[in-house]
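Please look over the sequence and the model below.

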Amino acid sequence: MTKKILVLPGDGIGPEIVAEATKLLEVLRREHGLVAEFEEAPVGGAGYDAAGHPLPEDTLRLAKAADAVLLGAVGGPRYDTLDWELRPERGLLGLRSELNLFANLRPAILYPQLASASALKPEIVGGLDIMILRELTGGAYFGKPRGIRTRDDGVREGFNTIIYDEGEIERIVRSGFEIAMKRGRRLCSVDKANVLEVSQLWREVAIRVSEDFPDVELSHMYVDNAAMQLVRAPKQFDVIVTENMFGDILSDAAAMLTGSIGMLPSASLDADGKGMYEPIHGSAPDIAGQGVANPLATLLSVSMMLRYSLDEGALADRVDAAVSRVLDQGLRTPDIWTEGSSKVGTTAMGDAVVAAL
Ligand code: NAI
Ligand code: MG
């Protein structure tokens, strides 16, 4: 069956890096048996420019009809003065909640060729390959009640609610087990069960779900300790599953273990494996239009799309191998360049990956 892929270039470097991804997808289709069709639509600032809204109705309709969505990045100084609801970032949040993308996968992999780019010593971080699974549509970022109010004594107070029901916990933890089954079969559930009731429920559900996965070793860790362990001995982890805010913070910390933000892909999935795939970086207005952005995070996002939404794991392996080969060849965009390697731009990097495929 022909898979439908919706491509959303967005703003800033978004169109530049997404052009390399569509080039790759086109070659996968022509020469490697991928049965897919692509369509492109505006989102973010580009959506505002084209249709007066960061998530135009047509774009949302196409996203709902697609098997997978590939997004570049949104945002830029040109849009900073717009009303809150018209800001490019609202387009991205709208897509996540409208498509019910509750499972956010952020792999943190250190390529051996880039070992010197990490902030940690090689013996601590060398060979790092962990997966952080962050719950993306619940917790404090969405929980009600929320707001800022003035008390009777005239003092203002701000408040948010961390709330998860059993169903929400179960589906994300279950995803964690399923991912762990395909990797090293170890799942670490991160919570704050010594202080938060919501975490007690989280832990209880995690233990219950673990009965369905006897081959996966489940462990539990408090989030403050997890933050420390990620920096002290990150390789002890295989898969980490955690709630929205904890995952937001831990995954950013894990990202920096691997060097450049231009290397890190992500997947956001719904219950049926439909997903949105994007590099974790933003629209990088400081380098937009210069042809120097690193497209590898986006190409690796295509790999995740092949693996998680298109049932093309073998093709995903090939894309991963092609990226590794290009790094072996010493090709580097400026963000990952070090003395002695060859500096290339966005297009040359994309061409090299296609050639290595
Ligand atoms: P950013 O990720 O766009 O840039 C941070 C730094 O990393 C910049 O120096 C940039 O040049 C560099 N960088 C990012 N991607 C790179 C790549 N592929 N190759 C080489 N260097 C790269 O974050 P920033 O500057 O905080 O935000 C810029 C805009 O992007 C804002 O409007 C922000 O709201 C938006 N944003 C959008 C996101 C998304 O679409 N998912 C995520 C984060 C920010
Ligand atoms: Mg974050």
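## Helix packing

Helices α6 and α7 cross in a right-handed sense. This is a predicted model. Helix α6 covers residues 166-181, and its axis comes within 9 Å of the axis of α7. The two axes cross at roughly 50°. An angle between 35 and 65 degrees is neither roughly parallel nor roughly perpendicular, so α6 is oblique to α7.

Which residues of α6 meet α7? On the α6 side they are E166, I169, E170, V173, R174 and F177. On the α7 side they are L201, W202, V205, A206 and V209. By class, this contact of α6 with α7 has eight nonpolar residues, three charged and no polar.

Helix α7 itself spans residues 197-210, and Q200 sits in it. Is Q200 buried or partly exposed? Q200 has 14 C-beta neighbours inside 10 Å, so Q200 counts as partly exposed. Q200 can also be set against Q113. The two are 87 residues apart in sequence. Their C-alpha atoms are 42 Å apart in space.

Next come α10 and α11. Their axes come within 7 Å. They cross at roughly 160°. The cut-off for roughly antiparallel is over 145 degrees, and α10 and α11 are therefore roughly antiparallel to each other. The crossing of this pair is left-handed.

The contact draws on both helices. From α10 come L296, L299, L300, V302, S303, L306 and R307. From α11 come G313, L315, A316, V319, D320 and V323. Nine residues of the contact between α10 and α11 are nonpolar, two are polar and two are charged.

The last pair is α1 with α12. Helix α1 holds residues 14-32, and helix α12 holds residues 346-356. Their axes come within 10 Å and cross at roughly 20°. Angles under 35 degrees count as roughly parallel, so α1 is roughly parallel to α12. The crossing of α1 past α12 is right-handed. E16, I17, E20, K23, L24 and V27 of α1 make the contact with T346, G350, V353 and V354 of α12. The contact of α1 with α12 divides into five nonpolar, two polar and three charged residues.

The table sets out the axis values for the pairs.

| Helix pair | Axes come within | Crossing angle |
|---|---|---|
| α6 and α7 | 9 Å | roughly 50° |
| α10 and α11 | 7 Å | roughly 160° |
| α1 and α12 | 10 Å | roughly 20° |

## The ligand

How many residues surround ligand 1? There are 22. The closest are G75, G262, H281, G282 and N294. By class, the shell around ligand 1 has eleven nonpolar, seven polar and four charged residues.

## Backbone features in loops

Now the loops. K144 and P145 are joined by a cis peptide bond, with omega about 5°. Where is P145 found? P145 is in the loop between β5 (129-135) and β6 (147-150).

A284 has a positive phi, near 40°, though A284 is a residue other than glycine. The loop that holds A284 runs between β12 (275-279) and α10 (296-308). Is A284 buried or exposed? A284 counts as buried, because 24 C-beta neighbours lie inside 10 Å.

D311 is also a residue other than glycine with a positive phi, here near 60°. D311 lies in the loop between α10 and α11, where α11 covers residues 313-328. Is D311 buried or partly exposed? D311 has 13 C-beta neighbours inside 10 Å, so D311 counts as partly exposed.

## A residue in α4

L92 belongs to helix α4, residues 88-98. Is L92 buried or exposed? L92 has 23 C-beta neighbours inside 10 Å, so L92 counts as buried. Which residues does L92 contact, leaving aside its neighbours within four places in sequence? They are G44 and V74. T242 is 150 residues from L92 in sequence. In space, L92 and T242 are 21 Å apart, C-alpha to C-alpha.

Definitions and conventions: Residues numbered from 1 in each chain as written. Chains lettered and ligands numbered in written order. Predicted model: local features only at pLDDT ≥ 70, side-chain atom pairs only at ≥ 80, totals over all residues. Near = placed C-beta within 6 Å. Nonpolar A, V, L, I, M, F, W, Y, C, P; charged D, E, K, R; others polar. Helix = DSSP H or I, 4+ residues; strand = E, 2+ residues; numbered from the N terminus. Buried ≥ 20, exposed ≤ 12 C-beta atoms within 10 Å, placed from the backbone. Axes fitted to C-alpha atoms, helices over the stretch in contact; angles between N-to-C directions. Parallel < 35°, antiparallel > 145°, perpendicular 65-115°, else oblique. Left-handed = near helix turned anticlockwise from the far one by under 90°. Contact = placed C-beta atoms within 7 Å.
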